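Subject: Structure handover

Hello,

Here is the structure for you to look through. Please open it alongside this email.

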Amino acid sequence: IERAWKTAPHPELARLYLEARGAAEPLAGAASLQRLAARNPDATESHLAIGEAALAARLWGEARRHLTLAAEAPPPARSRRLYLLMARLEESEAGEPQAAREWLDCAIGASPDLCYVCAQCGTTAPEWRSVCPTCGGFDTLAWRAPAAQGTIGVYRATGTAPLMLSAVDVTDPPVTSAQPSEPLGSARTIG
């Protein structure tokens with residue numbers, strides 16, 4: 001696991017490392033991941049893994065330091081995962097709901113997290129498989145960022161929440177009440 005981390009750090013490797021070392025306590029997990037991350041100290045995934053483990057161990061300063069280093073890394077470092085971890089840190093450390101909300105707002109418009117993506121059909125998969133579950137392509141899944149969704153770009157460009165208008169049929173007449181003069185809460189029985 002340590003040799004693999006040195007060349008290609010991956011969240012699943014961090015999970016397996018913690019399992020193999022029997023690090024059930026959060027503090028032991030943070031210490032174990034520090035040792036693993038030392039194999040590739042500049043990797044964004046190293047900082048994210050330590051940051052997440054430090055959050056679990058309630059080591060706020062260590063979590064903030066590593067999450068900040070992850071945020072300063074070159075693209076595609078600022079993923080949804082990073083913003084969600086920062087929101088969790090703000091909520092947990094100082095109980096700052098407004099700061100946490102700002103990080104959650106950033107997560108909406110963030111680039112998608114890395115995952116397994118089929119080179120043939122673009123489908124994402126939670127784990128690597130030799131055959132794509134959608135198109136059947138052999139050895140087409142690669143760990144990379146999936147294509148961004150269209151509505152996320154609208155949010156980023158305008159700064160307002162995207163409207164999901166595709167489900168609205170503009171040819172339908174507007175909805176009006178059949179009984180506009182009926183008071184709310186009346187005891188009228190229907191049917």
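This is a predicted model: local features need pLDDT of at least 70, side-chain atom pairs count only at pLDDT 80 or more; totals for chains, interfaces and linings use all residues.

Helix α4

Start with α4, which covers residues 44-56. The helix has 13 residues. From its first C-alpha to its last it reaches 19 Å, close to the 18 Å expected at 1.5 Å a residue.

Is α4 enclosed or open? Of its 13 residues, 10 are buried, so α4 is largely enclosed by the rest of the structure. Buried here means under 20% relative accessible area. The buried residues are E45, S46, H47, L48, A49, I50, G51, A53, A54 and L55.

Which helices do these buried residues pack against? The partners are α1 (2-7), α2 (11-21), α3 (26-37), α5 (60-72) and α6 (80-93).

Look also just after α4. There, R58 takes a positive phi of about 65°.

The α3 and α4 pair

Two packed helices are described by the angle between their axes and the distance between the axes. For α3 and α4, the axes come within 8 Å. They cross at roughly 165°. Angles over 145 degrees count as roughly antiparallel, and α3 and α4 are therefore roughly antiparallel to each other. The crossing of α3 past α4 is left-handed.

Which residues make the contact? From α3 come P26, G29, A30, L33, Q34 and A37. From α4 come S46, A49, I50, A53, A54 and A56. By type, the residues of this contact divide into 9 nonpolar and 3 polar, with no charged ones.

Two other positions

E102 lies in helix α7, residues 97-109. Is E102 buried, exposed or partly exposed? Its relative accessible area is 45%, so E102 is partly exposed; that class falls between the 20% and 50% cut-offs. E102 and M86 are 16 residues apart in sequence. In space, their C-alpha atoms are 9.7 Å apart.

A147 sits in the loop between β3 (141-144) and α8 (150-158). Why does A147 count as exposed? Its relative accessibility is 62%, and exposed means over 50%. Along the chain, A147 and P112 are 35 residues apart. Their C-alpha atoms are separated by 7.9 Å.

To find these places on screen, begin with α4 at residues 44-56. Then bring up α3 at 26-37. Finish with E102 in α7 and A147 in the loop between β3 and α8.

Best wishes

Definitions and conventions: Residues are numbered from 1 along each chain as its sequence is written. Side-chain values use heavy atoms; hydrogens and water are left out. Helices (H or I, at least four residues) and strands (E, at least two) are DSSP runs, numbered from the N terminus. The expected span of a helix is 1.5 Å times one less than its number of residues. Buried means under 20% relative accessible area, exposed over 50%, partly exposed in between (1.4 Å probe, protein chains only). Contact means heavy atoms within 4.5 Å. Axes are lines fitted to C-alpha atoms, for helices over the stretch in contact, and angles run from 0 to 180 degrees between N-to-C directions. Angles under 35 degrees count as roughly parallel, over 145 as roughly antiparallel, 65 to 115 as roughly perpendicular and the rest as oblique. A crossing is left-handed if the near helix is turned anticlockwise from the far one by less than a right angle, and right-handed if clockwise. Ala, Val, Leu, Ile, Met, Phe, Trp, Tyr, Cys and Pro count as nonpolar, Asp, Glu, Lys and Arg as charged, and the others, Gly among them, as polar.
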